[in-house]
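The sequence and the model are displayed first.

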Amino acid sequence: MLWWQDDVGQGVRVAFTDRGAGNLALHTGDDPDAVRARRAALERSIGVPGGSLVFLDQVHGTDVADADRHDRPAVPTADAAVTATGVPLAVMVADCVPVVLVGEGPRGPLTGVAHAGRRGLLEGVLERAVEQLRARGASGLSAWLGPSICGSCYEVPAAMREESAERIPAVAATTSWGTPALDLRAGARERLTALGVGVVEPSGAGPSCTLENERLSSHRRNPGSGRIVGLVWRSGPRGEDAA
């Protein structure tokens, strides 16, 4: 169910699912009841209260949802979310880069997630998420980059590569068969590093390219494979997980 997970300090856990957790997205044509059942099973497996895990209506934009607002929608339309109170957060992907952010705050850890697809990455979704966390007092920010399509596989038209590289030079890449490509992970790493955020690449979980690793969901390989998710939540004292 989990491709990788770890206790990253301050009582916070970060994880990324694989296809063993099933499709976790409601917008891919899957049976909604089956998706909700999988989400409930995921909540039980990581030990957070049922219905507490916040998913987003992701639209490849740069809006950041405040998960702590009492009047927020159950499913905010945004491509990033932040919390200072430990609300469990999820971000869905199937080739884009799932980014989990954790920082130190005046009253405890602050956490966030971001969906860094091509459009969102180029237009500043990571900058917006980091800005929102720092506005809440976050310092010492670190980011975990989950599974995504790699630069050797993400083929794009030459004009798209050129236009993208004008904004973030690090995204320019070439496929393993010699055609123009984008490396979204390199772009995300460059933007985060420029923002003073430490970048962590999970290790020991196997290949992280969603197209190459059939344990992971890839829209390019199979549009019907659904979505995997990146997760961040607070764990309780004695290893008991809690929201």
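The sections below treat the basis of the values, the nonpolar cores, the cysteines, the aromatic rings and one glycine.

## Basis of the values

The model is predicted, so local features require pLDDT of at least 70 and side-chain atom pairs pLDDT 80 or more, while totals for chains, interfaces and linings use all residues. Residues are numbered from 1 along each chain as its sequence is written, and side-chain values rest on heavy atoms, with hydrogens and water left out.

## Nonpolar cores

A nonpolar core is here a set of buried Ala, Val, Leu, Ile, Met, Phe, Trp, Tyr and Cys residues joined through side-chain atoms within 4.5 Å. Buried denotes under 20% relative accessible area, exposed over 50%, and partly exposed the range in between (1.4 Å probe, protein chains only). The largest such core comprises 33 residues, and those with the most contacts inside it are Val99, Leu101, Leu121, Leu126, Leu133, Leu192 and Val197. At least two residues of this core come from each of strands E4 (80-83), E6 (97-105), E7 (108-116) and E8 (139-145), and from each of helices H2 (118-123), H3 (125-135) and H5 (184-194). Helices (H or I, at least four residues) and strands (E, at least two) are DSSP runs numbered from the N terminus. The greatest contribution to this core is that of H3, with 5 residues.

Contact means heavy atoms within 4.5 Å. With neighbours within four places in sequence set aside, Leu121 is in contact with Ala116, Leu126, Ile168, Val171, Leu184, Gly187, Ala188 and Arg191. A second, separate core has 24 residues, including Trp4, Val12, Ala67 and Ile228.

## Cysteines

For a disulfide, two cysteine sulfur atoms must lie within 2.5 Å; a search of the whole structure finds 0. Cys96 is in no disulfide, and the nearest cysteine sulfur, that of Cys209, is 13 Å away. Cys96 is buried, with a relative accessible area of 16%. Cys209 is likewise in no disulfide; for this residue the nearest cysteine sulfur belongs to Cys150, 3.6 Å away. The relative accessible area of Cys209 is 4%, and the residue is buried.

## Aromatic rings and a charge over a ring

Rings of Phe, Tyr and Trp (its six-membered ring) pair if their centres lie within 6.5 Å; planes under 30 degrees apart count as stacked, over 60 as edge-to-face and the rest as tilted. This rule gives 2 aromatic pairs. Trp3 and Phe16 form an edge-to-face pair, with 6.4 Å centre to centre and 75 degrees between the planes. Trp3 belongs to strand E1 (residues 2-9) and Phe16 to strand E2 (residues 12-17), 13 residues apart. Both Trp3 and Phe16 are buried.

The pair of Trp4 and Phe16 is tilted, at 6.2 Å centre to centre and 35 degrees between the planes. Because Trp4 lies in strand E1 and Phe16 in strand E2, this pair ties together parts that are 12 residues apart in sequence. Trp4 is buried at 12% relative accessibility, and Phe16 is buried at 1%. Trp3, Trp4 and Phe16 form one aromatic cluster.

A charge sits over a ring if NZ of Lys or CZ of Arg is within 6 Å of the ring centre and within 35 degrees of the ring normal. The charged end of Arg39 sits over the ring of Phe55, 3.7 Å from its centre.

## Gly151

Gly151 is placed in the loop between E8 and helix H4 (158-167). At 8% relative accessibility, Gly151 is buried. Apart from neighbours within four places in sequence, Gly151 is in contact with Ala173, Thr174, Thr175, Ala181, Leu182 and Asp183. Gly151 and Glu201 are 50 residues apart along the chain, and their C-alpha atoms are separated by 15 Å.
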